[in-house]
Amino acid sequence: TNPSENEKQTPPTTIPRDAGPIVLTLRITPLLANLLASLRHKHFPRHLAGHSLPAHVTLFHALPSAEYPHIISTITNLASSTTRFHVGLGNLMRMRRGCGVTIECEGQTAKNVRELLRKDWDTRGFLTPQDRQTGFQSHVTIQNKQDNPTRVQSAMADTQKIIEEAKRNQQAQGWAEGFDLWEYMKGGNWRYLGSFDFQDEELTRTT
């Protein structure tokens, strides 16, 4: 699951250079994360390692572990200058073999934050073609790599229903609270490395 307030940890200062690829995700408030996690757990193919992963908004999919010191330095600096911002459930997102939910962000903040990191890391030449792309759409994947069209349609219908219920019950809004960092392990599982908190709005105003 996503780390709770009590489980969050500061990322290690170093990791082995031959560690797995590094994944950077945007952390959203538990109200939204838990709702989306329940959908993902229900509809993501159970035979895939991704079934056990928490609901997540991936910003970068495969950062090289050899660049880890620079990566965490850049993330630390950006998180310390970023105020947490509003996010909310958007719309059902059809994928080639599954579906997801778009995440609406106040003033395109998630896209802007990602672009700052992308530009810095792209100049160092270590981004994959996927992570180098600029057409970023923040979303949470509910189902992927599902070859059964009936199950895809079922997941889409269920996800659409839950989105509408959450919006109707005013439970579709939350916050982007920071970054989470993970190591992609052999077999497809993720190992949690640590978190970087955004700044509280009230604290920012008083400093």
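This is a predicted model: local features need pLDDT of at least 70, side-chain atom pairs count only at pLDDT 80 or more; totals for chains, interfaces and linings use all residues.
Local features need pLDDT of at least 70 and side-chain atom pairs pLDDT 80 or more, while totals for chains, interfaces and linings use all residues. Residues are numbered from 1 along each chain as its sequence is written, and side-chain values use heavy atoms, without hydrogens and water.

**View 1. The hairpin of strands β6 and β7.** Strand β6 covers residues 173–184 and pairs with β7 in the antiparallel sense over seven bridges (pairing requires at least two DSSP bridges; strands are DSSP runs of E with at least two residues, helices runs of H or I with at least four, numbered from the N terminus). Y184 stands opposite W190 in β7. Five residues lie between the two strands, and G187 in the turn has a positive phi of about 95°. Six of the eight residues of β7 (residues 190–197) are buried, so this strand is largely enclosed by the rest of the structure (buried means under 20% relative accessible area, with a 1.4 Å probe and protein chains only).

**View 2. T74 in helix α2.** Helix α2 spans residues 68–80. T74 counts as buried because its relative accessibility is 13%. Its side chain reaches the backbone oxygen of H70 at 2.8 Å. Leaving aside residues up to four places away in sequence, T74 touches L117, D120 and W121 (contact means heavy atoms within 4.5 Å).

**View 3. The lining of the largest pocket.** The lining has 26 residues, of which H56, T58, H61, Q130 and N144 lie nearest the pocket centre (lining residues have an atom within 4 Å of a point of the pocket, an open set on a 1 Å grid over the protein atoms alone where a 1.4 Å probe fits, with protein on both sides within 12 Å along at least five of seven lines). Strand β2 gives the most to this lining, with three residues.

Methods. Buried means under 20% relative accessible area, exposed over 50%, partly exposed in between (1.4 Å probe, protein chains only). A polar contact is a pair of N or O atoms within 3.5 Å; within protein, one must be able to donate a hydrogen and the other to accept it, and residues adjacent in sequence count only if both atoms are side-chain atoms.
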